[in-house]
Amino acid sequence: MFNTGICTLFSPSNRFRPMDLYDPLDPKQFGLWQARVDYYPEGGTLGGDTITAAILPVYTANKVPPLGSRWWGAFANNPIVGHILEDYPDISLENIDYFARYKTTRNGWDFFLSANTGLSPYSVIKREGATYVEEIIRIYTLAGGFSTTMDGFEIHGETLYNMSDGDKDQDYLSSVLGFTYTFGENVRHVFMEEIVFTLEYSRELILDQQRADNYIINSQEGRAGTNDLLSRIQFKYDQNLTFENLFHYDISDQAWMNRVEITYRLGAGWTTNGAFEIFGSQNDFVPVSGWLNFDNISYVQWKNNDRVVVYVTYKF
């Protein structure tokens with residue numbers, strides 16, 4: 001959820017990137033097998049633009065915490081409600097992803113448009129007789145976004161339209177709009193070199209319901225950014241020392257995460273970080289569908305997971 005898109009904390013189009021979520025607050029992106037071509041036209045109306053086309057032949061699922069992990073919250077010892085079989089896609093021609101994107105800059109505005117057909121990052125449930133099967137289905141998406149600067153502001157937005165194959169899931173529109181403001185030289189009065197503040201709101205609009213025969217549970221409870229407020233403020237003391245506060249409020253669940261972090265560059269590629277993470281909510285979480293996977297775990301489930309994190313990183 002906190003990947004950067006154009007300039008966003010939450011990017012609808014970036015949700016297709018598989019993650020190692022063993023530690024959900026420190027996710028790592030998986031590499032993807034792909035054949036990709038980037039074309040940079042010269043001259044004409046497309047001068048300086050980028051056209052990208054890619055084929056992704058292998059479906060890669062997110063890596064989730066082990067069943068006894070505290071990140072499953074109250075469901076740590078029984079994360080799947082009911083008896084659900086998994087039916088994940090194999091490597092075949094019908095499971096190949098196809099992606100295309102066009103990026104351009106016009107009069108100080110950055111734009112992108114993309115189209116994709118491939119496998120959904122979210123699962124649905126199908127009933128086969130007395131058995132319930134968790135299935136990854138094919139979807140079709142169109143996405144677009146922009147960013148521009150005005151004085152100290154950077155303004156950005158992104159929208160993604162998602163349509164499921166054969167009405168096996170809901171069709172929906174997922175959007176985010178926000179800004180980043182960089183404070184000027186007055187920050188010297190508070191002994192800072194730079195202060196940067198970002199605020200975003202994400203919202204989802206459902207356009208059509210799940211209608212396919214025997215498909216009984218859609219992906220709605222597990223989708224990110226359906227009604228969320230995100231903010232980040234960064235204080236840069238100098239090139240070695242920075243402070244950051246990241247706040248995410250899930251309006252629908254009335255649940256939140258607040259992370260305060262200090263980063264210090266030790267030099268020669270070494271960096272140390274210390275963070276304090278707090279989770280809370282006003283409600284108890286019970287999945288409406290009666291079915292749970294890691295996608296629809298909420299901050300509600302992490303109310304007892306407040307923690308202090310310290311780590312050292314070396315980059316070479």
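**Close-up views of a predicted model**

**View 1. The second largest pocket and its lining.** Here we look into the second largest pocket, where R232, E244, R259, E261 and Y311 lie nearest the centre among the 30 lining residues. Keep in mind, throughout these views, that the model is predicted. The pocket has a volume of about 800 Å³. By residue class, its lining divides into 11 nonpolar, 8 polar and 11 charged residues.

**View 2. Strands that contribute to the pocket lining.** Which strands each supply at least two residues of the lining of the second largest pocket? They are β11 (194-208), β13 (227-236), β14 (241-250), β15 (255-267), β16 (270-281) and β17.

View 3. Beyond residues up to four places away in sequence, R307 touches D23, L25, R70, W71, A275, F276 and E277.

**View 4. The largest nonpolar core, seen around F294.** This core has 21 residues, and F279, F294 and W302 are those with the most contacts inside it. Setting aside neighbours within four places in sequence, F294 is in contact with L21, P24, V64, P65, W71, W72 and W302. A second, separate core has 5 residues, including V124, I137, I139 and Y215.

**View 5. D167, a loop residue with positive phi.** D167 is found in the loop between β9 (153-164) and β10 (171-182). Its phi is near 60°, a positive value in a residue other than glycine. D167 counts as partly exposed because its relative accessibility is 27%, and that class runs between the limits of 20% and 50%.

View 6. Where does N214 sit? It is found in the loop between β11 and β12 (215-217). Although N214 is not a glycine, its phi is positive, at about 75°. With a relative accessible area of 42%, N214 is partly exposed.

Definitions and conventions
Residues are numbered from 1 along each chain as its sequence is written. This is a predicted model: local features need pLDDT of at least 70, side-chain atom pairs count only at pLDDT 80 or more; totals for chains, interfaces and linings use all residues. Side-chain values use heavy atoms; hydrogens and water are left out. Contact means heavy atoms within 4.5 Å. On a 1 Å grid over the protein atoms alone, a cavity is a set of points where a 1.4 Å probe fits but cannot get out, and a pocket is an open set with protein on both sides within 12 Å along at least five of seven lines; lining residues have an atom within 4 Å of a point. Grid points are joined across faces, edges and corners, and a volume is the space filled by probe spheres set on the points. Helices (H or I, at least four residues) and strands (E, at least two) are DSSP runs, numbered from the N terminus. Ala, Val, Leu, Ile, Met, Phe, Trp, Tyr, Cys and Pro count as nonpolar, Asp, Glu, Lys and Arg as charged, and the others, Gly among them, as polar. A nonpolar core is a set of buried Ala, Val, Leu, Ile, Met, Phe, Trp, Tyr and Cys residues joined through side-chain atoms within 4.5 Å. Buried means under 20% relative accessible area, exposed over 50%, partly exposed in between (1.4 Å probe, protein chains only).
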